[in-house]
Amino acid sequence: MDSRTSVLTIKTPEGIVFSMQLAGPTTRFMAWAIDLGVVAVIYIVIGNILALFIGACVLAFDWMIDFASATMYVLMFVVNIGYGIVLEWSWRGQTVGKHVMRLRVIDEQGLRLQFSQIVIRNLLRMIDSLPMFYLVGGIACVLNKRCQRLGDFAANTVVTYTPKLAEPDTDRILGGKYNSLRDSPHIEARLRQRATPEEARIALQAVMRRDTLDPRARVELFSDIANHFRSIAPFPEEAALGIADEQYVRNVVDCLFRPQGPAAATAGGAAKSARGAA
């Protein structure tokens, strides 16, 4: 990770503050290099297909060579621009290189990334890449604290870096409380499959920082997070009966981060038995 990094702070209307680490120039360049390799492979595949087509038609039509050359240039432009647009839109701000380097494009105000923003930042790659090796864009990144290239300025976007999370101390978070969601292991597995790393990180941050939140904002935040996780992996009614939204989110964090194994299953069974005896 770059030594020169900064933090983007976003404050919601409810008064909740989130901090996101911005990607530095070196990490962004490495992501671009990976994407360049992917695009080069696409060029090679397209070139081989055109070569086969030309080989079959050139004997009958002399003009096919010029047509194929013109087609190749057009396709190179479409792939170069379309690669970033298609992947950043379908992968929520990521390309192959950004995914590998744990980067993501987001709106600089923390709002939902719009398709028009993705188009603008990718069209301006032609200027950022001048005269070669993204010199213009690289200089722009170095000269501003948010590491934005010209395309980011025009589209009001920034690129964030998501560090790999260390396994949290879930015993401290849950305080040894019984987690009823673990009584449905197949739905618990579905939850881990469907929840994205970003969603897991937000839930974890909310639980870790709950004591610093305004009481009203705290209730609204945990209600929104709990409803979201309920929608992606609905647990049986009896598993969530009588559980407040905050406890539900804490149980979800436990399911997402706590190591699985026979010991955890035994502990869950023992807790359930103790609860029934009580």
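**Figure 1. Glu 238 in helix α12.** Glu 238 is part of helix α12, which spans residues 237-240. The model shown in this and the following views is a predicted one.

**Figure 2. Overview of the protein.** The protein contains 14 helices and four strands. It has 278 residues, of which 40% count as buried. Among the contacts with a separation of 6 or more, 67% are accounted for by residues 24 or more positions apart.

**Figure 3. Packing of helices α10 and α11.** Two packed helices are described by the angle between their axes and the distance between the axes. Helix α10 covers residues 197-208 and helix α11 covers residues 215-232. These two helices pack at an angle of about 145°, and their axes lie 11 Å apart. The crossing that α10 makes with α11 is left-handed. From α10, the residues that take part are Glu 199, Ile 202, Ala 203, Ala 206 and Val 207. Their partners in α11 are Leu 221, Phe 222, Ile 225, His 228, Phe 229 and Ile 232. By class, the residues of this contact comprise nine nonpolar, one polar and one charged.

**Figure 4. Arg 194 in helix α9.** Arg 194 belongs to helix α9, residues 185-194. With a relative accessibility of 46%, Arg 194 is partly exposed; the residue falls in this class because the value lies between the limits of 20% and 50%. When neighbours within four places in sequence are left aside, Arg 194 is in contact with Glu 199 and Ile 232. Glu 199 in α10 and Ile 232 in α11 also belong to the contact between those two helices. Phe 229 is another residue of α11 in that contact. The C-alpha atoms of Phe 229 and Arg 194 are separated by 9.4 Å, and the two residues are 35 apart along the chain.

**Figure 5. The second largest pocket.** Rolling a probe the size of a water molecule over the atoms shows where empty space is left. The second largest pocket holds about 640 Å³ of space. It is lined by 30 residues, and those closest to its centre are Trp 32, Arg 125, Ser 129, Tyr 134 and Arg 149. At least two lining residues come from each of the helices α1 (25-57), α2 (64-90), α4 (115-123), α5 (125-128) and α6 (135-143). Helix α1 supplies the largest share of the lining, with nine residues. Sorted by class, the lining consists of 17 nonpolar, seven polar and six charged residues.

**Figure 6. The loop between α5 and α6.** Most residues other than glycine have a negative phi, and most peptide bonds are trans. Pro 131 is located in the loop between α5 and α6. The peptide bond that runs from Leu 130 to Pro 131 is cis, and its omega is near -15°. Phe 133 is found in the loop between α5 and α6 as well. The phi of Phe 133 is near 50°, a positive value in a residue other than glycine. Phe 133 has a relative accessible area of 60% and is exposed.

**Figure 7. Arg 92 in the loop between α2 and α3.** Arg 92 is situated in the loop between α2 and α3 (96-100). For Arg 92, a residue other than glycine, phi is positive, near 55°. The relative accessible area of Arg 92 is 48%, and the residue is partly exposed.

**Figure 8. Ala 40 in helix α1.** Ala 40 is a residue of helix α1, the helix that provides nine residues of the lining of the second largest pocket. Ala 40 is partly exposed, and its relative accessible area is 32%. Asn 80 is 40 residues from Ala 40 along the chain, and the C-alpha atoms of these two residues are separated by 9.4 Å.

Terms used:
Residues numbered from 1 in each chain as written. Predicted model: local features only at pLDDT ≥ 70, side-chain atom pairs only at ≥ 80, totals over all residues. Heavy atoms only, no water. Axes fitted to C-alpha atoms, helices over the stretch in contact; angles between N-to-C directions. Left-handed = near helix turned anticlockwise from the far one by under 90°. Contact = heavy atoms within 4.5 Å. Nonpolar A, V, L, I, M, F, W, Y, C, P; charged D, E, K, R; others polar. 1 Å grid on protein atoms, 1.4 Å probe; cavity = no way out; pocket = protein on both sides within 12 Å on 5 of 7 lines; lining within 4 Å. Points joined across faces, edges and corners; volume = space filled by probe spheres on them. Buried < 20%, exposed > 50% of the residue type's maximum accessible area, 1.4 Å probe, protein only.
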